[in-house]
Amino acid sequence: MNSSYLNFKDKHILVVGDVMLDRYWHGGTSRISPEAPVQVVKVSDIEDRPGGAANVALGLAKLGVAVTLVGVVGEDDNAQVLKRCLEAEGVNCQFVHSPDLPTITKLRVMSRHQQLIRLDFEERADSLSQNRAVAEKVKACLEYSDAVVYSDYAKGCLADVQTLIQLSNAAKVPSFIDPKGDDFSIYQGATLVKPNLLEFENIVGPCNSTKELEEKAKALRDKYSWQALLVTRGEDGLVLLESGKAPFSLATAAQEVFDVTGAGDTVVAVLTAVFVTSKRFTDAVEYANQAAGFVVGKLGTASISAEQLEAIMFQRNRTTNFGVLSPTDILEQIKLAQMDGKKVVFTNGCFDILHPGHVAYMKQAKALGDRLIVAVNTDESVKRLKGEKRPINNLAHRMAVLEGVGAIDWVTWFDEDTPKEIIEALSPDVLVKGGDYTIDTIVGAQHVLDHGGEVKVLTFVDGYSTTAIIEKANL
């Protein structure tokens, strides 16, 4: 999987749809009201979050995409609260203000992480003048957009979505639809439509098998001239029906599900963002599936950053290898280990003739973390440091012996006189050196410390010396 798909520099996505404010009142409950048999909640915290299409825009902004959001709001304080929340994350808000409507607000009263009641403040926004104002803003924004997401929550902003899709097509801007309702003909000509299984079956009827689902999905896609149709099926994963290609299915990436709130918004956000860089629906769907698996494992509406998504995809497409590896391959293994919460320890040396002192030293070093890397001087480097008669054993021999030491996870090499370059390249969590060193005299120590790591000095076991062994053998 290509990590360049997450390079969203200079990419701009337009989001159009029903924006809303999700408001949470949090507080404790310790008594019953004397006025009625209901709990009394003492509100201690108020939390405001963007919801609906605004949450899609927020998800795109978290990925690092430049985002413009078009939606309908009232001329009220909640519209200003919503705008501030979004602009703080870099979203460009192009709202249509309606004096006759409230900003859609969903108020949830929470106690001990339980929702006690939800109160909705909303009126359906649907008038000729409003539809015209939305279309004018969309037309202006399409000029600099790489894609557009139409996020439909059936609140009225997309009452004339067919006109908006035609504007997108005329501007040659791909359109991604998160649909709602029982009439999908209004999305005729869109690039991709993404219903969940319930929404899909509401249109085509029950699907008793994957084959039946695929057949009905293909017929629906062809009927409305979509390039692709993506059906999300919760714990059963996703199915993509792309024109001219065989169905593409993925199992869910979720390991544990704590909260599905906003998962659909995450899917359409990641799907669109990756598509504008890869131009491949299958790649976009794979990334979206992993992102959904991540956010449903979090409580509340969650977003994912490009860095988090890249780490997930990296880990998913790599395997852990131990033994003798090149510095480049070691770097990949360090990344995997650190993603898994493992502490990586590094030490180095010539290790010309391995003796029990070395083995004891390796065990001490490994005890400081979870993974141990040993970097070995090449033959040329040893000659420069020890003289023309060294090394006694060549690099391949020395690394093979080190690989057999149980405490060592990875063995690699470096050709310089000091390990400075390889330490800076690998950035281990712990740098270990044996002997009469002080931390300020250890090569690479400052780099490790500057990156939040540790530097340790260990004492070699007395009575063992490579030089003494060589002299005793009269080599």
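Me: Two strands pair if DSSP finds at least two bridges between them. How many bridges join S14 to strand S17?

Reply: There are 2 bridges, and the two strands run parallel. S17 covers residues 410–414, and the partner there of Gly-323 is Trp-410. Strands, like helices, are DSSP runs numbered from the N terminus (E, at least two residues, for strands; H or I, at least four, for helices). Keep in mind this is a predicted model, where local features need pLDDT of at least 70 and side-chain atom pairs count only at pLDDT 80 or more, while totals for chains, interfaces and linings use all residues. Numbering goes from 1 along each chain as its sequence is written, and side-chain values use heavy atoms, with hydrogens and water left out.

Me: What's the strand order in the open sheet of 6 strands?

Reply: S14-S17-S16-S15-S18-S19, with parallel pairing. S14 (323–324) and S19 (454–458) stand at the edges with a single partner strand each, so one side of each has no neighbour in the sheet.

Me: Which strands does helix H11 lie across?

Reply: H11 (residues 356–366) lies across S15 (344–349), S16 (371–377), S18 (430–434) and S19. Its direction is at about 135 degrees to S16. Angles go from 0 to 180 degrees between N-to-C directions, using lines fitted to C-alpha atoms, for helices over the stretch in contact. Contact means heavy atoms within 4.5 Å. Helix H13 (residues 395–403) also packs on this sheet, touching S14, S16 and S17, at about 160 degrees to S16.

Me: How many bridges join strand S2 to S3?

Reply: 13, with S2 (residues 19–32) and S3 running antiparallel. Thr-29, for instance, has Val-41 in S3 as its bridge partner.

Me: What does Lys-106 touch?

Reply: Leaving out residues up to four places away in sequence, its contacts include Asp-22, Arg-23, Asp-120, Glu-122 and Lys-155.
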